[in-house]
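Please read this briefing beside the sequence and the model.

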Amino acid sequence: MGITGIAATRKVAFWLLAGVFILYYLGAYYSPFTSSAEDTVFRVLLGLSSLIIIVRSFHLKNDIGITPYAILIGLFFLYVLLNSFFISADLKPVRRALLLVLLLFLVARIEVSKNSWIFGFRVLAFFSAAMALFSLMNTYRLGLFPMSYRSLGLKGSGLSGVADFGNTIVAGMHYAIAFAVTTFLYFTDKKSGRVLLWSLLLAILSVYIVLTFARTAWVACAIVFVVLGGMLYRKTHWRRYLPPLLVLLILLYVFFSYYAGYEFSSRGLTARDEIWLSTWNSSIASVKTFLFGHGAAKALEAKALSTGQVVYNTHSVYLETLYRYGVVGLTFLIAIMIGALSILYKMIKHHEYGELAVFWLATLVSGSIVMIVELNSLITTPNLLWHWLWMPVAFALFCQVNLNKGTS
């Protein structure tokens, strides 16, 4: 294969990966595909792109990026395979894990430039804010707009199939992704005119997120904002901190003056403590389940709460991991997250990817905290954890592969 052909294959792989990101990030708001068709398209795009990169690496006689962190991730997915085969006797989780492996491999091997990342962030910020604005206006028109605290919670646009999430937490966490991206642009853009634009988009997204009344989304946004603001602070940009800090102080004053008592006393943990205790007891029922879990394919047990509600969600990624994969799997997960945080932190002074490392570090820090009380399905087809956990891991893997090449 000639130099021209090799360059062409790299571009094809890049655009296939871009297609994956478009489907994942924008398809959450609107997709022309059915759920099953979208899964098929994901598999095809990931598979073709991976095949191209493998063939390209073979012709260039490049290694495939085997680093200590890659070995750790590989051992985790090998454990998932063994767990599925010996504990669950069901290889369905392996097929799902393969999608994640391909995602990690592609992000690590396709050197997406900083400008390409920024362009993608801008597209997501505009698209998501437009969807949020449309949703606010349309729900108001239809009489579905919250007119008092928790009278309703926004979870869609009022139009079936368009920004329709069906659940306030899912809606809040999806828009929190856009909030994180827009906050990054707000703190890093050097042109004052665009900074005003990002601040407007942040205001639109913030209104929608607040009106979902999803506390996990509030927390996710707050953590992302604090980490990004702290780690991207520059003395020349100190004025950018005044408007959001003023708004934050006003919101905190209103919240703690009028609603904090209700949230902390009346609503509290919303029976999550019962769910967590039940999951913990199931996980430690025997030495085998504690060490290796009930199996990767094991459905979570139905939990009847004192409120009369029946739930099938642990409301904690860590407890779900313990339940399905045991303490061995949970140890792998925590090691992978700590490894990613360490790599991203070391990368923050990189001349090209440093600011992006800060973004994914902030995303992972926020996700790791939210995962204590929310989110689910550690290994599955594309879900919220692809952004809040696996994309930071993938970018950390990319950083280590490039550091080992001597990139700095």
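By about how many helical turns are R324 and E320 separated in helix α12? The two residues are four residues apart in that helix, and they are therefore separated by about one helical turn.

This is a predicted model, in which local features need pLDDT of at least 70 and side-chain atom pairs count only at pLDDT 80 or more, while totals for chains, interfaces and linings use all residues. Residues are numbered from 1 along each chain as its sequence is written, and side-chain values use heavy atoms, with hydrogens and water left out.

**Overall form**

- The protein chain has 14 helices and two strands, where helices (H or I, at least four residues) and strands (E, at least two) are DSSP runs numbered from the N terminus.
- The radius of gyration of the protein chain is 22 Å, close to the 22 Å that the globule rule gives for 408 residues, so the chain is as compact as a globular protein of that length; this radius is taken over C-alpha atoms, and the rule is 2.2 Å times the number of residues to the power 0.38.
- Taken along the principal axes, the box filled by the C-alpha atoms of the protein chain is roughly 65 × 60 × 40 Å.
- Of the 408 residues of the protein chain, 50% count as buried (buried means under 20% relative accessible area, exposed over 50%, and partly exposed in between, with a 1.4 Å probe and protein chains only).

**Salt bridges**

- Side chains of opposite charge can pair when their charged atoms come close.
- The structure holds five salt bridges, each being a side-chain nitrogen of Lys or Arg within 4 Å of a carboxyl oxygen of Asp or Glu.
- One of them joins E355 and K114, with the closest N and O atoms 3.1 Å apart; E355 lies in helix α13 and K114 in helix α5 (residues 114–141), so this pair ties together parts that are 241 residues apart in sequence.
- E355 counts as buried, because its relative accessibility is 15%.
- In the pair formed by R324 and E320, the closest N and O atoms are 3.2 Å apart, and both partners count as buried, R324 at 16% relative accessibility and E320 at 2%.
- D189 forms a salt bridge with R194, the closest N and O atoms being 2.8 Å apart, and R122, D189 and R194 are linked in a network of salt bridges.

**Surface patches**

- Patches are made of residues with over 30% relative accessible area and no salt bridge, like charges being joined within 9 Å and nonpolar side chains (Val, Leu, Ile, Met, Phe, Trp, Tyr) within 5 Å.
- R43, K92, R95 and R96 gather in a patch of positive charge on the surface, where Lys and Arg count as positive and Asp and Glu as negative, with His and the chain ends not counted; the place of a charge is taken as NZ of Lys, CZ of Arg, CG of Asp or CD of Glu.
- Helix α4 (residues 92–109) gives the most to the positive patch, with three residues, while R43 has its place in helix α2 (residues 35–60) and counts as partly exposed at 43% relative accessibility.
- A nonpolar patch on the surface is formed by I66, I71, L75, L78, L81, L82, F85, F86 and L91, which together have about 870 Å² of accessible area, a quantity that comes from the Shrake-Rupley method with a 1.4 Å probe, only the protein chains shown counting as cover for residues.
- L81, one of the residues in the nonpolar patch, is placed in helix α3 (residues 68–88) and is partly exposed, with a relative accessible area of 35%.

**Loop residues**

- H315 has a positive phi of about 55° although it is not a glycine; H315 lies in the loop between β2 (310–311) and α12 (317–346), and is buried, with a relative accessible area of 14%.
- L375, also a residue other than glycine, has a positive phi near 70°; L375 is placed in the loop between α13 (354–373) and α14 (384–404), and is buried, with a relative accessible area of 6%.
- D164 has its place in the loop between α5 and α6 (168–188) and is partly exposed, with a relative accessible area of 43%.
- The C-alpha atoms of D164 and A28 are separated by 8.6 Å, although these residues are 136 residues apart along the chain.
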